[in-house]
Amino acid sequence: YVVTGSYDKTLILWKLSNGNRERSFVGHTYHVYAVAVTPSGDGIVSGSGDMTAILWNIHDSSRLLTFKGHEGWVYDVVVSSSGLHLYTCSRDETAIKWSMKTGERLDTFRGHIDEVNSCCLTSDDKYLLTASDDKTAIVWNADDTTRLRTLKGHSSCVWSVCVCSDARIVATGSFDNTVILWDFQTATPVCTLRDHADFPRCVYFSKNG
């Protein structure tokens with residue numbers, strides 16, 4: 001299966017073998033900007049311009065939890081590998097850590113001075129990374145919201161961030177039309193990829209790095 005989220009306010013679950021729509025998920029009142037599947041494969045989380053994230057039952061499209069607390073559009077969602085926590089980031093300049101069991105807000109990550117567009121976790125769930133319109137990405141301690149390192153080097157908004165599976169390299173994509181690869185430990189650029197003619201909206205690593 002593949003799940004998609006749309007500006008039409010819905011999510012759709014598709015069967016890859018035949019391309020058919022299996023079911024739709026209706027409940028958001030504004031654009032859906034982000035989707036993630038839970039590690040168990042039984043749930044879908046979506047982030048929306050209605051300032052909420054929703055946990056859905058993938059099998060019957062019922063709404064299990066609604067995560068309310070952001071004061072701006074929710075641009076990205078990521079579920080921890082343990083399935084215990086959800087992280088969201090928003091136009092309100094923050095990221096939030098939530099309980100996937102209760103929907104309770106556990107922590108708020110404050111430090112960016114503009115919209116937070118993208119977030120990701122290291123594979124061990126110890127570190128959260130966020131990318132912002134303030135031209136930076138930040139590495140946080142996911143357990144206590146401590147700001148550990150700031151990745152500075154882009155000349156425009158940072159739209160996307162991803163970390164490789166062994167947490168050696170971070171990739172960021174920016175409105176300056178570049179992707180920068182960073183050393184995770186030192187927050188220094190390793191190289192800059194400049195071949196795009198427009199801004200790279202998404203970055204992603206292969207599983208083997």
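Strand β10, residues 94-99, and strand β11, residues 105-110, pair in the antiparallel sense, and five bridges join them. Please bear in mind that this is a predicted model. Within this pair, I96 stands opposite T108 of β11. The two strands, β10 and β11, form a hairpin, with five residues between them. In that turn, G103 has a positive phi of about 80 degrees.

Is E115 buried or exposed? Its relative accessible area is 16%, and since buried means under 20%, E115 is therefore buried. Which side chain does the side chain of E115 meet in a polar contact? That partner is Y75, at 3.2 Å. Leaving aside residues up to four places away in sequence, E115 touches Y75, S90, R91, E93, A131, S132 and D133.

I turn now to the protein chain as a whole. Its secondary structure comes to 19 strands and zero helices. The radius of gyration is 17 Å, close to the 17 Å that the globule rule gives for 209 residues, so the chain is as compact as a globular protein of that length. Along the principal axes, the C-alpha atoms fill a box of roughly 45 × 40 × 30 Å.

Of the 209 residues, 52% count as buried. The accessible surface comes to about 10,100 Å², and carbon and sulfur atoms account for 48% of that surface. Finally, among contacts with a separation of 6 or more, 36% are between residues 24 or more positions apart.

Definitions and conventions: Residues are numbered from 1 along each chain as its sequence is written. This is a predicted model: local features need pLDDT of at least 70, side-chain atom pairs count only at pLDDT 80 or more; totals for chains, interfaces and linings use all residues. Side-chain values use heavy atoms; hydrogens and water are left out. Two strands pair if DSSP finds at least two bridges between them. Helices (H or I, at least four residues) and strands (E, at least two) are DSSP runs, numbered from the N terminus. Buried means under 20% relative accessible area, exposed over 50%, partly exposed in between (1.4 Å probe, protein chains only). A polar contact is a pair of N or O atoms within 3.5 Å; within protein, one must be able to donate a hydrogen and the other to accept it, and residues adjacent in sequence count only if both atoms are side-chain atoms. Contact means heavy atoms within 4.5 Å. The radius of gyration is taken over C-alpha atoms; the globule rule is 2.2 Å times the number of residues to the power 0.38. Accessible areas come from the Shrake-Rupley method with a 1.4 Å probe; for residues, only the protein chains shown count as cover.
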